[in-house]
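Please look over the sequence and the three-dimensional model below before reading on. The report that follows goes through some of the strands, a helix and the surroundings of a ligand.

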Amino acid sequence: MRERIDLTIDQQSRDAGEAFATAHEPARALYIHVPFCFHKCHYCDFYSFVDTQDRQAPFVDALERELAHLAPHAAGAPLRSIFVGGGTPSLLRPDLWTRLLASLRARFDLSDPSLEFTVECNPETVTPELMGILHSGGVNRVSIGAQSFDAAHLKTLERWHDPDNVERAVALASGAGIPRRSIDLIFGVPGESLASWRADLARALALARRPDGVEHLSCYALTYEPNTAMTARLRRGEFAPVDEDEEADMLLATVETLREAGLERYEVSNFARPGGECRHNLGYWRQEQWLAAGPSASAHLAGFRWKNVPRLTDWMEGVNASGLSPVTDFERPDPARALAERLMTGLRLREGLPAEEMLARAGALGAEDALRRAVDRAQARDLMRSDRGRWTLTDSAWLLADGIASELMQAVWRPA
Ligand code: SF4
């Protein structure tokens, strides 16, 4: 059973402060959420809204205050990763980016030579000026929301960029000296066929083959989140979703095509050249610690986790009043749930799970035998293998990752 601490935002903010105090290791990762977008895409359930420009400066003022509050909890240790996501962070004005980057440099130790510093960008908002500012400020990775190279599918998704601007954006980032570049693609868009998805993959591959192209691709199946406008339209029968078998074929085509180009699948939806994996996201899947700033951003520290309040005005008022992150959903998953979640996210990774550690944690819950049996069953069905002390999925089992993870989870945790 999870320990849900249902307190006021003020009290939860103070609790989050105490979680910082009990952390044994300094946090080495930081997520920053920028909520502004050019347009609200109807499939999107991230906290974001249409930018009216007038809120950008007060947002950055509050962000600087929040970063000042968070910085001591990195305890002077060099950060390993920063990820600025959204929303559309590249919509922030260049002068505000300059301020934000200076603020990060002043408050955090960014001296680790292997620091990964990613900013998400929309292709339309990538300019030589912005890329130059990001590069000078230490950003060494951009993740560009391409979604599709087909104008009709972009229209269905309500993404309004010109597909040709994806290559242009990648070239501008490369030209500015940003060494690591990634694009996101979505498949299973209503009206999309396997042939049109293959055409998207071909455009992505052409970029992956160029030295000034991309080293990393994220390929997500379109999901219909409960409270989005697109899901409401689906329920009203305004369009038909892509057939499940066809979507599975699209995923298989993705894995085969990208592997031929040297991009290995290192997570269910993520592909990279060796060494090009997104280290920040690996930290989420390995359930490491991270700090979080900005409205709706989630943090994980010392076994606790929480979210900043989502509404921009609530978040700004909270930060401006106390300097603390205004926190909601503060909770400490009990050890059984924490292990179940580790099994779920770890099995999504090619590197898999450390068997001894998982068994030891299950043993502390009296569930070691149950976990062993669940793994044995999956191995007997050729869905999992044990190799050099790690449990991983077999190639044919990736499509079934969630179901297999669910069986392992049930061995150690029963939701109340
Ligand atoms: S640009 Fe991205 S974050 Fe913004 S509304 Fe569209 S999908 Fe959501």
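The model is a predicted one, in which local features need pLDDT of at least 70 and side-chain atom pairs count only at pLDDT 80 or more, while totals for chains, interfaces and linings use all residues. Residues are numbered from 1 along each chain as its sequence is written. Helices (H or I, at least four residues) and strands (E, at least two) are DSSP runs numbered from the N terminus, and two strands pair if DSSP finds at least two bridges between them.

Strand β8 is largely enclosed by the rest of the structure, because seven of its eight residues are buried; a residue counts as buried if 20 or more other C-beta atoms lie within 10 Å of its own, as exposed if 12 or fewer do, and as partly exposed in between, with C-beta atoms placed from the backbone. β8 also pairs with β7 in the parallel sense, over six bridges.

Both strands belong to an open sheet of nine strands with mixed pairing, in the order β10-β11-β9-β8-β7-β6-β5-β2-β12. Its edge strands, each pairing on one side only, are β10 (264-267) and β12 (291-293). From one strand to the next the twist averages 20°, where axes are lines fitted to C-alpha atoms, for helices over the stretch in contact, and angles run from 0 to 180 degrees between N-to-C directions. Helix α7 (residues 194-209) packs on the sheet and touches β8 (180-187) and β9 (216-221), its direction making about 180° with that of β8; two residues are in contact if their C-beta atoms, placed from the backbone, lie within 7 Å. Strand β6 (residues 116-121) and strand β7 (residues 141-147) run parallel, joined by four bridges.

Some of the bridge partners named in this model are listed here.

| Residue | Partner | Strand of the partner |
|---|---|---|
| C121 | I144 | β7 |
| G145 | D184 | β8 |
| A299 | W306 | β14 |

G145 is also one of the residues that surround the ligand, together with C37, K40, C41, C44, F46, S48, G86, G87 and T88; a residue is near a molecule if its C-beta atom, placed from the backbone, lies within 6 Å of it. This shell divides into four nonpolar, five polar and one charged residue, where Ala, Val, Leu, Ile, Met, Phe, Trp, Tyr, Cys and Pro count as nonpolar, Asp, Glu, Lys and Arg as charged, and the others, Gly among them, as polar.

Strand β13 (residues 298-301) pairs with β14 in the antiparallel sense over four bridges, and in their hairpin, which has two residues between the strands, A302 takes a positive phi near 50°. Strand β15 (residues 327-332) runs antiparallel to β14 and is joined to it by three bridges, with K307 standing opposite T328.
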